[in-house]
Amino acid sequence: AVVSTQSTGISNTNKINKDIYLIMEVVAGCFSVCGSIHEDIGESNQDGFILDELFFGAIDGHGSNGEIVTKHIAGNLSTIIVEELGKMGEKISNENDNILQEKDRDKIHQAVEKSVEIIENEVCKDMKYENSGAAVCFGFFVRNHTLALAAIGDCSVILGRLNESSEIEGSSLLSSHRISNEIEKDRIEKAGGKFSSEYVVHPLYEEKVISTTRSVGDFDMKQPHFGIICTPELHFLRIHENDRFLIFATDGLLDFTSKEKVIEKTWELIKKNPTNSTETANQKCKKL
C-alpha cells in the first residue's frame, strides 16, 4: 500500500474521531500479487491489504490457511479498533492541535492491543488454522495530521520525506520482528524459545518453524515458553510538510528489493504522474 499526502486546504472527516479535520489530501492505493515461486507450485496469494477510509495496511499470510487469516484481518481489524476506541469513554483530546497527549497515546495503544487480541482469539479458536497466521503492519489517522502506526511481524512501514536539498529520503518507522533483530532474539531466548538460523523452531517438532517472532494466529507456536507473541509495536507519526508518502509492505517486496530502491521507484512514479485518485495510486502500486 502506498499512501501519498499533500496540503490542499480540503477537509475530510475521520471516523476515528469525528471532530478531527485533515487539512490535506490523502490518497492511498494497494496492489498484491502471488510471488512467482509460489505461483509456479500452484499456491494461492496469501498476502492482502487494508484500505478503509483513512485506515491502511499490508498483511502477509503464511501456513496452510494463511489467506483465510489475511482475509479475516483485512475484513475486521479497522472496525474492531474503532469499536475499542469508542469503549474508552472520552474522545481523543483536542487540547493542543500540534501535540497528541500522552493519555491519548496510551488510549490508542490499549485499543490497538485489545483489537489485535480479539482478532488473535478469533483465529486461534478454530484448530484447523493452528499452523496458519499472518504478519501485518497498518496505520490510521487519529487526529489532525497524526498517524498511529503498528506492526506485528516482518511487514514494514517506510516514510518518504524530502530533505533540505529536496531529495527524497526513506526511513523505516517500525522494527522487523525477526531473529535478526537482536531485541527480539533476546526476548525469544529469555522466554525459553529455540531458533535455528533465521527461524524460531517448535521445541517438540523441529520441522515446524516460523520466520517472524510476532504474528497473528500460529496457535501451535504460541505456547508461553516458545516466545512468539501477537503484541503490536506502535509508533506515532506527526505528518511533516516535507513528507510525501508512506509505504506499507510485506517481506515479499523488501526481501527481494532494497528499501532504497523501493523509495527511489515510488518517488519516481509519484513525480512522473502526481497521485490524485485511488485508481491512479493502485496503478502506481502495481507498477512498483
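Cys137 has a relative accessibility of 0% and therefore counts as buried, the term meaning under 20% relative accessible area, with exposed meaning over 50% and partly exposed in between (1.4 Å probe, protein chains only). The model is predicted, so that local features need pLDDT of at least 70 and side-chain atom pairs count only at pLDDT 80 or more, while totals for chains, interfaces and linings use all residues. Residues are numbered from 1 along each chain as its sequence is written, and side-chain values use heavy atoms, with hydrogens and water left out.

With a disulfide defined as a pair of cysteine sulfur atoms within 2.5 Å, the count is zero. Cys137 is in no disulfide, the nearest cysteine sulfur being that of Cys155 at 4.7 Å. For Cys230, the closest cysteine sulfur belongs to Cys124 and lies 7.8 Å away, too far for a bond. Cys230 is also buried, because its relative accessibility is 17%.

Helices (H or I, at least four residues) and strands (E, at least two) are DSSP runs, numbered from the N terminus. Buried in H6 are Val262, Ile263, Thr266, Trp267, Leu269 and Ile270. Viewed down the axis, these buried residues fall within an arc of 160° and so line one face of the helix; the arc is that of the directions from the helix axis to the C-beta atoms. Exposed residues Glu260, Lys271 and Lys272 are on the face turned away from the buried side.
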